[in-house]
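I opened the structure today and kept notes as I went. Each entry records what I looked up and what I found.

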Amino acid sequence: MFAVLKTGGKQYKVASGDVLRVEKLAAKAGDKVQFNEILMVGSTVGAPLVSGAGVQAEVIDQIKGEKTINFVKRRRKHGSQRKKGHRQQLTLVRIADILESGADDSGVMAAVSGAGIKMDITPRVNPKGIAKPKAGAAPKKAAATKAKAAEKDAPAATGSDDLKKITGVGPALEKKLHEAGITSYAQIAGWSEEDIAGYEETLSLGGRVERDDWVAQATELSKA
């Protein structure tokens, strides 16, 4: 017997004993999970799901997919190019049982997406001293409130570079950066991807750092 299940926005045709890679699930190796979004079981077609059907599987391991390379080239104001690598987080599972009915009362843990969940939730502090929020802990609104409280107590910057020369930085945003301790082009030019993610979150920059390529702009301005 075969079934068609849906998980991670994708559909899979499976049979008992099959091994497949799916979008990351919130489970550990050895756990037994149950997929409840079943579109078809044997000759029974759902509308859109088959009521009471389920597919049970054993988690083999948490893995990463093949590395994909993305080239980003910008010509606005300052020419720059960057190569980024990405490996998709996946879960390797082995299909065990296909249930035509009774899946609701099986007692097996539902297969829930684990995208964005980190197993290690120890808080990390980036080189600039801004603590990163725990994965899945506080919502963005709470993180923004904490950032504003930190900015209020931060000392004013003196003898700083004119950060408004960077595209996307106005007087209000420059003040935010100063209060966060960012006062020079050299500091921005030295930001890593982790630094960028931390400042985007805590200062609510809305993706401006990468969109306007602040790092490349700051690098050029620091040479002047």
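**Entry 1: strands.** I began with strand S1 (residues 2-7) and S2. They pair in the antiparallel sense, over six bridges. The model is predicted, so I kept to local features with pLDDT of at least 70.

**Entry 2: a salt bridge from S2.** I then turned to charged pairs. The count comes to four salt bridges. One of them joins the side chains of Lys-10 and Glu-23, at 2.8 Å from N to O. I noted where the two ends sit: Lys-10 is in strand S2 and Glu-23 is in strand S3 (residues 19-23). The partners are 13 residues apart, and the pair links distant parts of the chain. Lys-10 is partly exposed, with a relative accessible area of 39%.

Entry 3: Which residues does Lys-164 bridge to? I found Asp-162, with the closest N and O atoms 3.2 Å apart. I also found Glu-174, where the closest N and O atoms are 3.1 Å apart. Lys-164 lies in the loop between helix H1 (140-153) and H2, while Glu-174 is in helix H2, so this pair ties together parts 10 residues apart in sequence. Salt bridges that share partners join Asp-162, Lys-164 and Glu-174 into one network.

I checked accessibility across the three. Lys-164 is partly exposed, at a relative accessible area of 39%. Asp-162 counts as partly exposed too, at 33% relative accessibility. Is Glu-174 buried or exposed? Glu-174 is buried, with a relative accessible area of 10%.

Entry 4: In H2 (residues 171-179), I listed Leu-173, Glu-174, Leu-177 and His-178 as buried. They share one side of H2, because they cover an arc of only 145° around the axis. I looked at the opposite face next. The face turned away from the buried side carries the exposed residues Ala-172 and Lys-175.

What do the buried residues of H2 pack against? I found three partners listed for them: helix H4 (193-203), helix H5 (208-211) and helix H6 (214-223).

**Entry 5: after H2.** I followed the chain out of the helix. Gly-181 comes after H2, and its phi is positive, near 90°. Further on, Ser-184 sits in the loop between H2 and helix H3 (185-189). Ser-184 counts as buried because its relative accessibility is 18%, and the cut-off for buried is under 20%. I asked what Ser-184 touches, leaving aside neighbours within four places in sequence. The contacts are Asp-161 and Leu-163.

Entry 6: I finished with a backbone check. Most residues other than glycine have a negative phi, and most peptide bonds are trans. I therefore looked for exceptions to that general rule.

Ser-204 has a positive phi, near 55°, and is a residue other than glycine. I placed Ser-204 in the loop between H4 and H5. Ser-204 is partly exposed, with a relative accessible area of 47%.

Asp-213 also has a positive phi, near 50°. Asp-213 lies in the loop between H5 and H6. Is Asp-213 buried or exposed? Asp-213 is buried, at a relative accessible area of 8%.

Where is the cis peptide bond? I found it from Ala-47 to Pro-48, with omega near 0°. Pro-48 is in the loop between S6 and strand S7 (54-64).

Methods:
Residues are numbered from 1 along each chain as its sequence is written. This is a predicted model: local features need pLDDT of at least 70, side-chain atom pairs count only at pLDDT 80 or more; totals for chains, interfaces and linings use all residues. Side-chain values use heavy atoms; hydrogens and water are left out. Buried means under 20% relative accessible area, exposed over 50%, partly exposed in between (1.4 Å probe, protein chains only). Helices (H or I, at least four residues) and strands (E, at least two) are DSSP runs, numbered from the N terminus. The arc is that of the directions from the helix axis to the C-beta atoms. Contact means heavy atoms within 4.5 Å. Two strands pair if DSSP finds at least two bridges between them.
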